[in-house]
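Biologist: Hi! I'm new to this one, could you walk me through it?
Modeller: Happy to, let's bring it up.

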Amino acid sequence: MSIVIETRELSRSYKTYRREEGGWNAFKGFFNRKTEVKTALKTTTLNIEHGQIVGLVGANGAGKTTLLKILSGLIYPSGGEALVLGFKPYERKSEFLRQISILLGQKAQLWWDLPAADSFGLLTSIYSLDPQQAKRDWLGLAEKLNCVDQLHVQLRRLSLGERMKMEIIGSLLHRPKILFLDEPTIGLDVLAQKTIRTFLNSYVEEHKPTIILTSHYMDDISTLADRLLLISQGAIVYDGAMEDFITHAEKNLNLDIKSEETDFEAVIHKFFEKESRRSQTRRPQPN
């Protein structure tokens with residue numbers, strides 16, 4: 001299979017300013033600012049093949065969303081390089097943007113005061129799609145997601161689950177080759193989560209896109225992904241097949257796992273508990 005996402009020593013750091021409480025300290029900060037550098041993503045080298053569904057798992061602040069934003073061109077890397085479909089994402093060329101889509105589960109991308117159908121019409125113009133085919137596509141997607149009745153309701157008047165379905169339709173309308181899904185089921189009830197997982201599973205089988213999926217719900221990962229990337233404190237600490245992770249955890253992480261009794265989610269939780277303890281022991285103690 002061909003490589004569609006390639007990174008070499010990719011990294012991202014942020015510079016932040018720190019000051020003590022109080023107006024006087026704020027005034028002094030104008031002349032003597034204290035800066036801190038936070039590394040959100042450590043040097044990362046990856047190759048992702050066409051058609052792979054990659055589950056990117058990590059604790060809050062581990063670097064998952066940072067990696068997705070770099071690969072989709074939303075932010076610049078601090079070091080290294082990335083190629084997605086042969087393009088440098090941060091250049092945000094039209095030919096590149098027409099072939100990818102990013103869905104951020106905590107942010108609305110459709111127009112808040114418009115019905116979803118109107119937003120889809122605007123996206124049809126933005127991507128220069130055939131209007132009749134685009135309408136058939138969004139109606140077909142809405143039917144599979146059981147949300148046809150909500151197409152003509154203002155987005156802000158829909159429930160969270162209904163809004164997320166509309167966001168998914170909007171992200172798929174131009175039939176992207178690569179789809180970045182950042183927490184697509186966050187905050188949804190169990191039924192809505194299951195509906196979206198079933199839909200995505202069906203869509204993947206039919207259209208064969210390349211997907212990088214982040215989620216705190218292990219059912220999302222285990223249902224869709226065939227490759228697992230585990231990220232901790234900005235570094236990829238596991239990259240391999242889903243079914244090989246438990247064996248890896250037993251052999252290399254010294255976790256106390258009873259393989260016959262412990263499921264995938266429990267192993268992930270044990271891993272992050274151990275990582276949390278490791279980070280606390282490595283953290284410098286105040287004088």
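Modeller: Let's begin with two helices: α4 and α5 cross in a right-handed way. Keep in mind that this is a predicted model.

Biologist: Which residues of α4 and α5 make the contact?
Modeller: From α4 there are Ala117, Phe120, Gly121 and Thr124, and from α5 come Pro131, Ala134 and Trp138.

Biologist: And at what angle do α4 and α5 pack?
Modeller: The angle is about 140°, and their axes lie 10 Å apart. Angles over 145 would count as roughly antiparallel, so α4 and α5 are classed as oblique to each other.

Biologist: Switching to rings, how many aromatic pairs does the structure hold?
Modeller: Four. One of them is formed by Phe120 and Trp138, a tilted pair with 5.6 Å from centre to centre and 45° between the planes. Phe120 sits in helix α4 (residues 116-126) and Trp138 in helix α5 (residues 131-144), so the pair links parts of the chain 18 residues apart.

Biologist: Are Phe120 and Trp138 buried or exposed?
Modeller: Both Phe120 and Trp138 are buried.

Biologist: New topic: where does His174 lie?
Modeller: You'll find His174 in the loop between α6 (160-172) and β6 (178-182).

Biologist: Is His174 buried or exposed, then?
Modeller: His174 counts as buried because its relative accessible area is 9%, and the cut-off for buried is under 20%.

Biologist: What does the side chain of His174 reach?
Modeller: It reaches the backbone oxygen of Ile100, at 2.8 Å. Leaving aside residues up to four places away in sequence, His174 touches Leu97, Arg98, Ile100, Ser101, Tyr127 and Leu129.

Methods. Residues are numbered from 1 along each chain as its sequence is written. This is a predicted model: local features need pLDDT of at least 70, side-chain atom pairs count only at pLDDT 80 or more; totals for chains, interfaces and linings use all residues. Side-chain values use heavy atoms; hydrogens and water are left out. Rings of Phe, Tyr and Trp (its six-membered ring) pair if their centres lie within 6.5 Å; planes under 30 degrees apart count as stacked, over 60 as edge-to-face and the rest as tilted. Helices (H or I, at least four residues) and strands (E, at least two) are DSSP runs, numbered from the N terminus. Buried means under 20% relative accessible area, exposed over 50%, partly exposed in between (1.4 Å probe, protein chains only). A polar contact is a pair of N or O atoms within 3.5 Å; within protein, one must be able to donate a hydrogen and the other to accept it, and residues adjacent in sequence count only if both atoms are side-chain atoms. Contact means heavy atoms within 4.5 Å. Axes are lines fitted to C-alpha atoms, for helices over the stretch in contact, and angles run from 0 to 180 degrees between N-to-C directions. Angles under 35 degrees count as roughly parallel, over 145 as roughly antiparallel, 65 to 115 as roughly perpendicular and the rest as oblique. A crossing is left-handed if the near helix is turned anticlockwise from the far one by less than a right angle, and right-handed if clockwise.
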